[in-house]
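Here is a short report for a first look at this protein model. Keep the sequence and the 3D view at hand while reading.

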Amino acid sequence: MPRLGAHCSTAGGLPTAFDRGLKIGADSIQVFTKSNRQWAARPLTPEEVTEFHARATETGLAPLVCHATYLLNLASPKPDIWQKSLAALRVEIERCRALGLDYLVLHPGAHTGSGTPAGIERVAEALNIVREESDERVMVCLEITAGQGTCLGADFEEFARILDRVDEPERIGICFDTCHALAAGYDLVTPEGYAHTFEEFDRLLDRERLKVFHLNDSKHELGAHRDRHTHIGKGFCGLATFGQLLNDPRFAQHPMLLETPKGDELLEDIVNLRVLRALLHGTDEEISEETLDEFWDGIVPAESKEE
């Protein structure tokens with residue numbers, strides 16, 4: 001079955017992410033290896049790296065996924081921002097390599113007015129530069145976006161055009177975010193829409209390139225181009241989307257990671273993972289739209305489960 005998990009905080013040190021992953025019952029986790037809101041990165045210590053590797057071995061959580069800082073904008077037409085983004089990406093890749101992380105998820109960026117073709121050229125140029133400087137142990141995965149503003153990545157065709165300009169496209173993967181895809185206009189809810197979405201993905205990008213899923217419901221409707229995550233079954237994706245995805249044999253071994261709202265006790269992650277596992281065929285638990293609240297009752301405060 002898919003490797004279910006969530007984005008886990010590293011507060012208190014990078015190895016603490018494994019403790020949080022075990023607490024919620026994850027099979028796989030995603031982390032930030034540095035502050036996601038700052039350019040600078042504190043150097044990793046040898047002790048930290050050793051402990052991280054040890055915890056990875058002890059827990060068996062895998063694959064291990066990193067999400068790059070939100071500040072990165074490889075599509076920027078501004079030379080200073082583009083150079084800072086390129087330098088930050090180099091650091092992200094090196095940290096992933098040192099820690100043994102498998103995938104680095106990255107938003108393609110925003111062209112901020114220079115136009116989609118120019119933005120695509122900038123992203124491809126940056127990927128070619130880092131490809132020449134790094135080995136193959138870390139795969140960069142471009143993430144599907146909701147398409148807000150001038151952000152690239154809301155159209156499979158845009159990824160295809162980026163990959164056409166990358167010298168070794170086999171070294172670039174795709175991260176498929178369910179909230180973002182729905183907001184971008186890809187119908188994942190109806191069987192016909194779901195089938196068509198992945199037929200288009202396969203035609204333009206090749207299904208083998210899809211490496212990581214972010215499982216998030218959407219607060220906004222199909223094609224809204226707004227990126228607002230909510231709990232599984234509580235938004236416009238609905239249980240139907242996740243039921244189809246979890247039971248799709250093409251994705252039976254993929255990491256599928258929550259990025260839904262949560263409190264310090266991580267109860268929301270625990271419930272969301274339970275909901276997802278109840279959607280798997282052949283499990284003891286079953287869930288429907290009518291019984292969804294039963295999974296939350298008595299576990300998580302009402303205001304949190306409505307996020």
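Is Cys8 buried or exposed? Cys8 is buried, at 3% relative accessibility. The model is a predicted one.

## Cysteines

How many disulfides does the structure hold? It holds zero. A disulfide is a covalent bond between the sulfur atoms of two cysteines. To count as one here, the two sulfur atoms must lie within 2.5 Å.

Take Cys8 again. Its closest cysteine sulfur is in Cys66, 13 Å away, so the pair is too far apart for a bond. Cys175 has its closest cysteine sulfur in Cys141. That distance is 6.8 Å, also too far for a bond. Cys175 is buried as well, with a relative accessible area of 0%.

## The largest pocket

The largest pocket has a volume of about 470 Å³. It is lined by 24 residues. Closest to the pocket centre are His67, Tyr70, His107, His180 and Asp227.

What is the make-up of the lining of the largest pocket? Eleven residues are nonpolar, eleven are polar and two are charged.

## His254

Where is His254 placed? His254 sits in the loop between helix 8 (238-246) and strand 10 (255-258). His254 counts as buried, at 14% relative accessibility, because the cut-off for buried is under 20%.

A polar atom of the His254 side chain lies 2.8 Å from the backbone oxygen of Leu210. Leu210 is also one of the contacts of His254 when neighbours within four places in sequence are left aside.

Terms used
Residues numbered from 1 in each chain as written. Predicted model: local features only at pLDDT ≥ 70, side-chain atom pairs only at ≥ 80, totals over all residues. Heavy atoms only, no water. Buried < 20%, exposed > 50% of the residue type's maximum accessible area, 1.4 Å probe, protein only. 1 Å grid on protein atoms, 1.4 Å probe; cavity = no way out; pocket = protein on both sides within 12 Å on 5 of 7 lines; lining within 4 Å. Points joined across faces, edges and corners; volume = space filled by probe spheres on them. Nonpolar A, V, L, I, M, F, W, Y, C, P; charged D, E, K, R; others polar. Helix = DSSP H or I, 4+ residues; strand = E, 2+ residues; numbered from the N terminus. Polar contact = N/O pair within 3.5 Å; in protein donor to acceptor, adjacent residues only side chain to side chain. Contact = heavy atoms within 4.5 Å.
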